Amino acid sequence: MSMSATTTMDDKEGSKTLKIVSMKVSFFMSRDLKPQIGTFFGRRVIKRKIWVRLRKKRKGITITVYKHNRRLLNISGIRNLNHLEQTRKFVQEYYHSVNNSAPIGERIDNIMFSRKMFNNYDMPSILNVCRKLFSHSHHIQYDDQLLTSKGIFLKPRVKPNCSFILFRTGSSTIMGAKQISEIHQCQLMLDRIYQDCYLVKG
């Protein structure tokens, strides 16, 4: 995947380009691990100030090992591809030092993509375009009477597949991806939807 897929454009309208904001990855380990749940923020002793800053911003990775499967290491809170590489290195080095265990495989369980924009689209037009283009593949849900319903939900008819939340501003959140390459297909879907929607003037 090219880095251009996660590069944002800084302008007054925000970014039309999706980026990875969160990943959950499972590592298959060579030895049993102690059941645990905790958060790792970085090397606390060496970089105390950075560690405290990350902790306050809750930017650590959450590590979970369940009793029923002690060779499966579940990690969430991975923010991008560089962070994924750092996490892989941490898993290799830390668990080798703790109990001489090593990762023998990995699986991406969930990727969240997102983009932030500041336009003002007409919600009925977004809804109509979604129904026209993607009602065959997704359930389209929107209730403008509910104050808690700020977006249009596209939920896949067949799983595994991605779920979308589309907002009036053009901002979007996408969940359920299993491969990083899915960001391209999701980007194409968003482009098709919003290019046919009306912008509210004024």
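**Note on the predicted model**

1. A search of the whole structure finds zero disulfides, a disulfide being a pair of cysteine sulfur atoms within 2.5 Å. Cys 130 is in no disulfide, and the nearest cysteine sulfur, that of Cys 197, lies 6.7 Å away. Cys 186 is likewise in no disulfide; for this residue the nearest cysteine sulfur belongs to Cys 162, 3.9 Å away.

2. This is a predicted model, in which local features need pLDDT of at least 70 and side-chain atom pairs count only at pLDDT 80 or more, while totals for chains, interfaces and linings use all residues. Residues are numbered from 1 along each chain as its sequence is written, and side-chain values use heavy atoms, with hydrogens and water left out.

3. Cys 130 is buried, with a relative accessible area of 0%, and Cys 186 is buried at 3%. Buried here means under 20% relative accessible area, exposed over 50% and partly exposed in between (1.4 Å probe, protein chains only). Of the 202 residues of the chain, 37% count as buried.

4. The chain contains four helices and nine strands; helices (H or I, at least four residues) and strands (E, at least two) are DSSP runs, numbered from the N terminus. Read from the N terminus on, the order of elements is β-β-α-β-β-α-β-α-β-β-β-β-α.

5. The largest nonpolar core has 44 residues, of which Leu 73, Ile 126, Leu 166 and Ile 193 touch the most other members. Helix α3 (residues 123-134) gives the most to this core, with seven residues. Such a core is a set of buried Ala, Val, Leu, Ile, Met, Phe, Trp, Tyr and Cys residues joined through side-chain atoms within 4.5 Å.

6. Contact means heavy atoms within 4.5 Å. Among contacts in the chain between residues at least 6 apart in sequence, 66% join residues at least 24 apart.

7. Strands β6 (residues 138-141) and β7 (residues 151-156) run antiparallel and are joined by four bridges; two strands pair if DSSP finds at least two bridges between them. Gln 141 stands opposite Phe 153 in β7.

8. Strand β7 also pairs with β8 (residues 163-167) in the antiparallel sense, over four bridges. Gly 151 has Phe 167 in β8 as its bridge partner. A hairpin is formed by β7 and β8, with six residues between them.
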